[in-house]
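Welcome, and thanks for taking a look at this structure with us.

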Amino acid sequence: MADGSKTKTFIVTRFDPDRHEAPTTETYEVPVRERWKVLDALNYIKDELDPTLSHRWSCRMAVCGSCGMNVNGEPKLTCKTSLAEYGDTVRVEPLANFPVVRDLVVELDGFMDKFRAVKPWIIKAKERAVEEGPHRQSPEELEVFRQFSMCINCMLCYAACPVVANEPEFLGPAAIALGHRYNEDSRDEGARERNRIFRGEGTIFSCSYANECSEVCPKHVDPAAAINQAKFRAVLDWAASFVTSGPREE
Amino acid sequence: MRKLLLQLEPVIWLLFGQGILIGTLLLTGWGLVLGVLLPLGMVPEEALSYDRALRVGGSLLGRLVLLGLAALPLWKEAHHLRSLSIDFGGAERDVWIAPLLYAIAALGSLLALVAVFRIPFPG
Amino acid sequence: MARMAHPQAMQPARPPRTRTARPKAPDYLRPRMLSYLLFDATGIVYLLAGLVVLRAVFALASGPAAWQAFVADLHHPGYVAFHLLTFVSAVFVGVRFFRLFPKAQPARIGPLRPPPRPLIHAMLYAVWIAVTAFVVAAMVGVIP
C-alpha cells in the first residue's frame, strides 16, 4: 500500500455474556503499519472497525501489565509484541486459564486472592520505631531477590501454566515468586509464616517445573526458579528439623 | 492420606530429585551399552558372564550402583507420571493416582534393597 | 486451544458479579509444551528401565542359570529397542534437566553460596560424561 502498510487478518475472540453462550471469534482485516505492536492493531479495530470490541490496556510500555493476551496461542504483552513476528494471520484470544468477562477481558479477582495469600509485605516480629532509622540492606542482599521483585502482575505466567489449568487451588507462579521474594529479603522475618502457607495444599510442590511461566515472563522474573528454590528451602528446613528438635509440628 | 502425602512432599521431592539426577547419570551408560554397543557386537561375551557380573555387581560400589539404577528411576517415574496425570485434567483423580504411583516407587525401592543384599557376598 | 481448563481455574473465592466464560487451558501443542510433556512421559521409560535393572539384580542373586537367561533376553530385539529408547530418553532428560537445575539452587544456603550457574551447568555435563564413561567401561569389561 502507498502508506507502507500491509494488511493482516486478525482472528479475535468475542464474548458478550448477555448474548453468547460461549466465546466465538470475529475476523478483521487490518492495514498494519511497520513497527506496529499487536496492541496497535487491536486499537485500530476498536477505533475504526468495531467499537464494541473490549480489551484492556494502559501504559503501552510494558510496565502496567494490563494488556496481556494470548497471541497465536502464546501469552504475550500485546504492547511489547511486534506484529513483524507474525505472518498474515494473527489469532488474539483472552489469556488462557482465566474466566472471560467479555471479549479479551479476563476476571482478575481469583488472581488477587492468590496474591494476598502469600503475605507479600515485610513482616517484622517487632515494628521498628522511626527514630531507629531505615532498614539497611547491602547490594549483595538485594541481589539475592531483586529479580523476583520485578513482577508487574501481568498474569502471563498464570496463562502459561499447565498446573493452573488443572489444579484450581494452585497458588501459581507470580504469587509464589512474590512470597519467595519476601522470604529471601534480609529485612523480613516472616519466612516461618509464609513457609507454613507454602507447605499447604496446592502450593510449591504442586509445581511440575514446566518452566512455561519463566519462558513467557516479559520481565525475566523467572518464577520457576523462585518456586524451585522455595522447594529446595523446604527440603533443607525438613532436614534441619531432624538436627534441631525432631520433625517440627507446623 | 492427603495430609500424610503433604507432609512427605519434601522427602518425595528429594527422592525424585535424586531419581532424575543420579538416575539419568547412570541410565545413560546403561542404555548406551545395552541399546547401542550390544547390538553392534561391541560387548564381549565374557564381560556379561555370571562370574564377572558377580565380581563387579557384588562389590560395594557395584551394589550401590545397582541399587541406584533400580530404585531411583522409579521416583522420577512416579513424580512425573503424577504430574502428567494432573496436566491432563487429573486434579481429582490425583487422590488415588499419587499414592498408587509413590507406593509403586517405594515397593520397587524396597525390592531393590532386598535384591542387592541377596547378591552372594564373595568368599 | 481446544482443551478446556478446570472449570474453577483462577476463579475468585467469591463468585464473579457477571457470568463469565469458562477458561481455556494453555495450548498443549506448542513445541515447548510438547517437550515438557515428553519430558514427563519419559517417566514410563524410567519405570520400565528400573524394573529391568531390578530383574537383573534378582537374576544375579539367583545364580548362573537365571543370569544366563537374563543375558540371553538382553539380545532380544525388543530389549535392544527398549534400551536404545532408554539411552535416548536419558539424554533428552539430562539435557533439559541440567539446563533447569542450576537456577533451582537458592542464592544462599546459610553461609554457603552455590557456584555461578554456568559453572554448575558445566560441572553437571562433566560429571554426566565421566559417570557414563565409568558405567560403560564397567559393563563392557574395560574396568576393573
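Is Phe58(C) buried or exposed, and why? Phe58(C) counts as buried because it has 20 C-beta neighbours inside 10 Å, and 20 is the number from which a residue is called buried. Please keep in mind throughout that this is a predicted model. With that said, here is a tour by topic.

**Around Phe58 of chain C**

- You will find Phe58(C) in helix H1 of chain C.
- Another residue to look up is Tyr46(C), which is 12 residues away from Phe58(C) along the chain.
- Between the C-alpha atoms of Tyr46(C) and Phe58(C) there is a separation of 18 Å.

**The two domains of chain C**

- Chain C is assigned a domain 1 covering 30-85 and a domain 2 covering 101-144.
- The C-alpha centres of domain 1 of chain C and domain 2 of chain C are 24 Å apart.

**Where chain C meets chain B**

- On the chain C side, 42 residues take part in the contact, and chain B brings 51 residues to it.
- Four helices of chain C each give at least two residues to the side that touches chain B: H1 (31-62), H2 (64-74), H3 (77-100) and H4 (117-140).
- H1(C) gives the most to this side of chain C, with 15 residues.
- Sorted by class, the side of chain C that touches chain B holds 32 nonpolar, 9 polar and 1 charged residues.

**Where chain A meets chain B**

- Here 11 residues of chain A are in contact with 11 residues of chain B.
- Helix H5 (162-166) and helix H9 (223-244) of chain A are the elements that give two or more residues to the side of chain A that touches chain B.
- H9(A) has the largest share of that side, with 4 residues.
- By class, the side of chain A that touches chain B has 6 nonpolar, 2 polar and 3 charged residues.

**The two domains of chain A**

- Chain A is divided into domain 1, residues 6-106, and domain 2, residues 109-244.
- Taken over C-alpha atoms, the centres of domain 1 of chain A and domain 2 of chain A are separated by 31 Å.
- The contact between them takes 14 residues from domain 1 of chain A and 13 residues from domain 2 of chain A.
- Strand E3 (68-71) and strand E4 (74-77) of chain A are the elements that give two or more residues to the domain 1 side of this contact.
- E4(A) gives the most to that side, with 3 residues.
- The domain 1 side that touches domain 2 of chain A divides into 8 nonpolar, 4 polar and 2 charged residues.

**The sheet of chain A**

- Five strands of chain A form an open sheet with mixed pairing, in the order E2-E1-E5-E3-E4.
- Strand E2 (24-32) and E4 of chain A stand at the edges with a single partner strand each, so one side of each has no neighbour in the sheet.
- From one strand to the next, the twist averages 35°.
- Strand E1 (residues 6-14) and strand E5 (residues 89-93) of chain A pair in the parallel sense, over 4 bridges.
- Helix H1 (residues 38-49) of chain A lies across E1, E2, E3, E4 and E5 of chain A, and it runs at about 100° to E2(A).

Methods. Residues numbered from 1 in each chain as written. Chains lettered and ligands numbered in written order. Predicted model: local features only at pLDDT ≥ 70, side-chain atom pairs only at ≥ 80, totals over all residues. Domains from an automatic or database assignment. Contact = placed C-beta atoms within 7 Å. Nonpolar A, V, L, I, M, F, W, Y, C, P; charged D, E, K, R; others polar. Pairing = 2+ DSSP bridges. Axes fitted to C-alpha atoms, helices over the stretch in contact; angles between N-to-C directions. Buried ≥ 20, exposed ≤ 12 C-beta atoms within 10 Å, placed from the backbone.
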